[in-house]
Amino acid sequence: MLHQSAIEGYFAQQEDLLVEAVSRLVRIDSTLGSAQPGQPFGPGPAAALEAFLSLAQEWGLPGENLSGYVGTVDLNNQPDTALHILGHLDIVDAGEGWTVTAPFQPKVVDGLLYGRGTADDKGPMVAALLAMKAVRDLKLPLTKNVRLIAGTDEETGFRDIKWYYGSHPYAPHTLSPDADFPIINLEKGHYQPTFQAAWPQETALPRVAAFSGGTRLNMVPPKAQATVLGLSPRQVEEAFQALALEGAVTCTCTQEGEALHVACAGQNAHGSTPEEGHNAQTALVALLAALPLADCPSTRAIRALHALFPHGDHRGTALGIAQADDLSGPLTLAFTMLTLNDTGCTGRFDSRTPLTATQASVQTVAEAALRAAGFAVQGDMDPPHYVPESDPFLRTLAQCYEAYTGQKGQCLAIGGGTYVHDIPGGVAFGPNMPGFVSNLHGPDEKIRVADLLTTAKIYAQVMVALCL
């Protein structure tokens, strides 16, 4: 491909620079925080954004902080922008279970860079920035601009990108370095409703007085806690043993006066791949549903939730919405949030719906099942995002990927949603190579350094292909 040898030569000496740049960002805890002036998503994302823009400045690519929502870095001063690259600097919670290093202490072991954000999405964002630096340093004669847009709210609602495109135009082409190679041209739809039930103040015994499950809609809960009144630790422990759940789920009981605190622990995972985690919330609901509780509203709610979201059901079978198609694969479902007290409960689940799913086959069915169990339901389906494989932009991406990997640049479908989900013609493109497991949203998140370098080369080639 044009200028490929120059790009390959440039990156032959860039590994140390890349690793140190990614590590600078990974050391920053950029989880969502409380809004402050100029920091709409809290001090953590704001600090990561400033660090990224400082890095760009050091590399000769001045950027701009747009009210703390996003940062932009332009490749050149050409009036026409041919490509937007959308990525994010916010992260999910650090979680537990890390073994190689602490979440915010990046470490390279056997060619793998570990730390929260190395794969999602700080590492890929640095790779894209380094690709821009390469194209500029090589003085390649581009006639169009590339704009890198660094977001700060991808994990908690896309409010940053929605804000940006509320007053800025789309580019002719858009990619997000926040998924897998080769090309993600289909992102499943989302159905993530909120359901609630209310009841008079309870006094019956034994009962569940409180429940607290997950904290993020798009993450399989690694922990869940409940307060039970009127039962002994032995009764709960025996019930847990009888469930015979997988060994990755554990249960502990702590007596405090009349209250018995019951906690389940599992393993988190991305909400679009619930089978990769161990859901502590559904495990605890299953346990509570098996206890000899009084017939009261909280007990009926818990047993209904267990029936609708049984532990290990990742396809929505019990809810009645399981389905699949050849392009998208199966619908996935993760019951990710639940709170309960003596006067009611509120829950949410995260389902990723295939291309052929309809409101009638998903939303209508789920609402009917939940309402029959006594819950009020709110929330509509978000449609899938699909760019046909025949699109010329996708062919360009495929050619660039093939040139640097020797692998077929085919199109894939995912359950996860990236920044391009509502961007016309946008696709997710890298950084994870086929077969690599990054532990996305889980402990020991990692990325292969060599793959990140290859990603940067591919992005540089894409810029050349679209902007000469």
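Strands in these legends are DSSP runs of E of at least two residues and helices are DSSP runs of H or I of at least four, both numbered from the N terminus. The model is predicted, so that local features need pLDDT of at least 70 and side-chain atom pairs count only at pLDDT 80 or more, while totals for chains, interfaces and linings use all residues. Residues are numbered from 1 along each chain as its sequence is written, and side-chain values use heavy atoms, with hydrogens and water left out.

**View 1. Strand 12 and its pairing with strand 13 and strand 18.** Two strands count as paired if DSSP finds at least two bridges between them. Strand 12 (residues 207-212) runs antiparallel to strand 13 (residues 223-229), and 5 bridges join them; Arg-207 has Leu-229 as its bridge partner in strand 13. Strand 12 also pairs with strand 18, again in the antiparallel sense, over 2 bridges, and the partner of Phe-211 in strand 18 is Leu-340. Strands of a sheet pair through backbone hydrogen bonds, either parallel or antiparallel.

**View 2. The largest cavity and its lining.** On a 1 Å grid over the protein atoms alone, a cavity is a set of points where a 1.4 Å probe fits but cannot get out, whereas a pocket is an open set with protein on both sides within 12 Å along at least five of seven lines; lining residues have an atom within 4 Å of a point. Grid points are joined across faces, edges and corners, and the volume is the space filled by probe spheres set on the points. The structure holds 1 cavity of 30 Å³ or more, and the volume of the largest cavity is about 90 Å³. Its lining is made of 13 residues, among which Asn-279, Thr-282, Asp-313, His-314 and Leu-333 lie nearest the centre. Strand 18 (residues 332-341) gives the most to this lining, with 3 residues. If Ala, Val, Leu, Ile, Met, Phe, Trp, Tyr, Cys and Pro count as nonpolar, Asp, Glu, Lys and Arg as charged, and the others, Gly among them, as polar, the lining divides into 7 nonpolar, 5 polar and 1 charged.

**View 3. The second largest pocket.** This pocket has a volume of about 300 Å³, and of the 18 residues that line it, Gly-95, Glu-96, Pro-221, Pro-222 and Lys-223 are the closest to its centre. By class, its lining holds 5 nonpolar, 10 polar and 3 charged residues.

View 4. Strand 5 (residues 112-114) pairs with strand 26 over 3 bridges, and Lys-446 of strand 26 is the bridge partner of Tyr-114.

**View 5. The crossing of helix 1 and helix 11.** The axes of helix 1 (residues 4-11) and helix 11 come within 10 Å and cross at roughly 145°. Contact means heavy atoms within 4.5 Å, and here Gln-4, Ile-7, Glu-8 and Phe-11 of helix 1 meet Leu-453, Ala-456, Lys-457, Ala-460, Gln-461 and Val-464 of helix 11. By class, this contact has 6 nonpolar, 2 polar and 2 charged residues.

Definitions and conventions: Axes fitted to C-alpha atoms, helices over the stretch in contact; angles between N-to-C directions.
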